[in-house]
Amino acid sequence: MKTKSNRIGGSIFAIIGLLMMIGAWMLFQNDQKFAKEAASATGTVVESVYVKSRKGKGSYYPVVEFQTAEGKRMTFRSDTGRGRPDYENGEQVSILYEKQNPANAKIAGFWELWGLSAVLAVFGLIFMGVGLKISRS
């Protein structure tokens, strides 16, 4: 038997899931535009910086040095960190960078480019599915 609270609660979950999916789509579009317009280069991992979180755990973020097509040397720290270093110092990685603003650079990997939009989409689907199931029960 459907109750009013189930319909309302389920609808709220479904709406939150829909908003997450919209956010994921917007992030995906932005990342896709970046990847399409970016210049590519090969960079070298020069270090992995450990950043401790407020909860006591931390993540390692690779710091990459590369040279632009114009010959300018640039260094950036990846926005994507993990519990252990993914790259060794001296390791070569493919990168993408904004031509007008080479400081805006990313390692050309799935998680670095598409990870946030993928995770948000998965959670959006889960919330929508749970919301629809609750509202129909």
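Tutor: Rings of Phe, Tyr and Trp (its six-membered ring) pair if their centres lie within 6.5 Å; planes under 30 degrees apart count as stacked, over 60 as edge-to-face and the rest as tilted. This is a predicted model, in which local features need pLDDT of at least 70 and side-chain atom pairs count only at pLDDT 80 or more, while totals for chains, interfaces and linings use all residues. Residues are numbered from 1 along each chain as its sequence is written, and side-chain values use heavy atoms, with hydrogens and water left out.

Student: What makes Trp 25, Phe 28 and Trp 114 a cluster?

Tutor: Ring pairs link Trp 25, Phe 28 and Trp 114. The structure holds seven aromatic pairs.

Student: Why is the pair of Tyr 50 and Tyr 60 called tilted?

Tutor: The ring centres of Tyr 50 and Tyr 60 are 4.9 Å apart and the planes stand at 55°, so the pair is tilted. Tyr 50 belongs to strand β1 (residues 39–52) and Tyr 60 to strand β2 (residues 58–67); strands (E, at least two residues) and helices (H or I, at least four) are DSSP runs, numbered from the N terminus.

Student: Why does Tyr 60 count as partly exposed?

Tutor: Buried means under 20% relative accessible area, exposed over 50%, and partly exposed in between (1.4 Å probe, protein chains only). Tyr 60 has 27% relative accessibility and therefore counts as partly exposed. Tyr 50, at 42%, is also partly exposed.

Student: How do you know that Lys 106 and Asp 31 form a salt bridge?

Tutor: A salt bridge requires a side-chain nitrogen of Lys or Arg within 4 Å of a carboxyl oxygen of Asp or Glu. The closest N and O atoms of Lys 106 and Asp 31 are 3.7 Å apart, so the pair meets that criterion. The bridge links distant parts of the chain, with Lys 106 in strand β5 and Asp 31 in helix α1, 75 residues apart.

Student: Are Lys 106 and Asp 31 buried or exposed?

Tutor: Lys 106 is buried, with a relative accessible area of 18%, and Asp 31 is buried at 10%.

Student: What makes the charged end of Lys 106 sit over the ring of Phe 34?

Tutor: The definition asks for NZ of Lys or CZ of Arg within 6 Å of the ring centre and within 35 degrees of the ring normal. The charged end of Lys 106 sits over the ring of Phe 34, 5.2 Å from its centre.

Student: Why does the end-to-end distance of helix α2 agree with its length?

Tutor: The expected span is 1.5 Å times one less than the number of residues. The 27 residues of α2 (residues 110–136) should therefore span 39 Å, and the end C-alpha atoms are 36 Å apart, which agrees.
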